[in-house]
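The following report describes selected local features of one model, with the cut-offs behind each term given where the term is used. Please read it alongside the sequence and the coordinates.

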Amino acid sequence: MTQLSMGLLALQPGSQFGQAYRSGTMKKTEYWKHTLEDALTLVAQISPLSSRIFRNVFFNGQHVAADPSLDWAGNYAHM
């Protein structure tokens, strides 16, 4: 769980919400757009992150590269 928390926190600098909020130009009515974008990015990143953690714990850190010919679920199963 600690590895997952650290991995998710490492994605924070790429947060569109955080960048827009820090710029000071975002209106409250636009919060949902940036939050949605961050949520979709998180969903896309969670499978490679969790497969990397699984490999770290059970396969001595031997990682398998993603296969671009596979879809999201196929890559998760592959990795």
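Arg52 counts as partly exposed at 45% relative accessibility, where buried means under 20% relative accessible area, exposed means over 50%, and partly exposed lies in between, with a 1.4 Å probe and protein chains only. The residue Arg52 is found in helix α3, helices being DSSP runs of H or I with at least four residues and strands runs of E with at least two, numbered from the N terminus. The C-alpha atoms of Arg52 and Val64 are separated by 8.3 Å, although the two residues are 12 apart along the chain.

This is a predicted model, in which local features need pLDDT of at least 70 and side-chain atom pairs count only at pLDDT 80 or more, while totals for chains, interfaces and linings use all residues. Residues are numbered from 1 along each chain as its sequence is written, and side-chain values use heavy atoms, with hydrogens and water left out.

Pro48 is also found in helix α3, and at 31% relative accessibility Pro48 counts as partly exposed.

At the start of helix α2, which comprises residues 16-23, a side-chain oxygen of Ser15 reaches to within 3.4 Å of the backbone nitrogen of Phe17. For reference, a polar contact is a pair of N or O atoms within 3.5 Å; within protein, one must be able to donate a hydrogen and the other to accept it, and residues adjacent in sequence count only if both atoms are side-chain atoms. Helix α2 is followed by Gly24, whose phi is positive, near 80°.

## Aromatic pairs

Rings of Phe, Tyr and Trp (its six-membered ring) pair if their centres lie within 6.5 Å, and planes under 30 degrees apart count as stacked, over 60 as edge-to-face and the rest as tilted. By this rule the count comes to 5 aromatic pairs. One of them joins Phe17 and Tyr21, a stacked pair at 6.0 Å centre to centre with 15° between the planes. Why are Phe17 and Tyr21 separated by about one helical turn? The reason is that the two residues are 4 apart in helix α2. Phe17 is partly exposed, with a relative accessible area of 23%, whereas Tyr21 is exposed at 51%. Another pair, Phe54 with Phe59, is tilted, at 5.8 Å centre to centre and 55° between the planes. Phe54 is partly exposed with a relative accessible area of 42%, and Phe59 counts as partly exposed at 35% relative accessibility.

Phe17, Tyr21 and Tyr31 form one aromatic cluster. Within it, Tyr31 has its place in helix α3 and is partly exposed, with a relative accessible area of 27%. The C-alpha atoms of Tyr31 and Leu8, 23 residues apart along the chain, are separated by 20 Å. Tyr21, which lies in helix α2, is 13 residues from His34 in sequence and 9.4 Å from it in space, C-alpha to C-alpha.

Arg55 lies over the face of Phe59, at 4.4 Å from the ring centre; a charge sits over a ring if NZ of Lys or CZ of Arg is within 6 Å of the ring centre and within 35 degrees of the ring normal.

Asn60 has its place in the loop between α3 and α4 (72-78). The phi of Asn60 is near 55°, a positive value in a residue other than glycine, and at 73% relative accessibility Asn60 counts as exposed.

## The largest pocket

About 180 Å³ of space lies in the largest pocket. On a 1 Å grid over the protein atoms alone, a pocket is an open set of points where a 1.4 Å probe fits, with protein on both sides within 12 Å along at least five of seven lines, and lining residues have an atom within 4 Å of a point. Its lining includes Leu8, Ser15, Asp38 and Gln45, and the largest share, 5 residues, comes from helix α3 (residues 31-58).

Key
Points joined across faces, edges and corners; volume = space filled by probe spheres on them.
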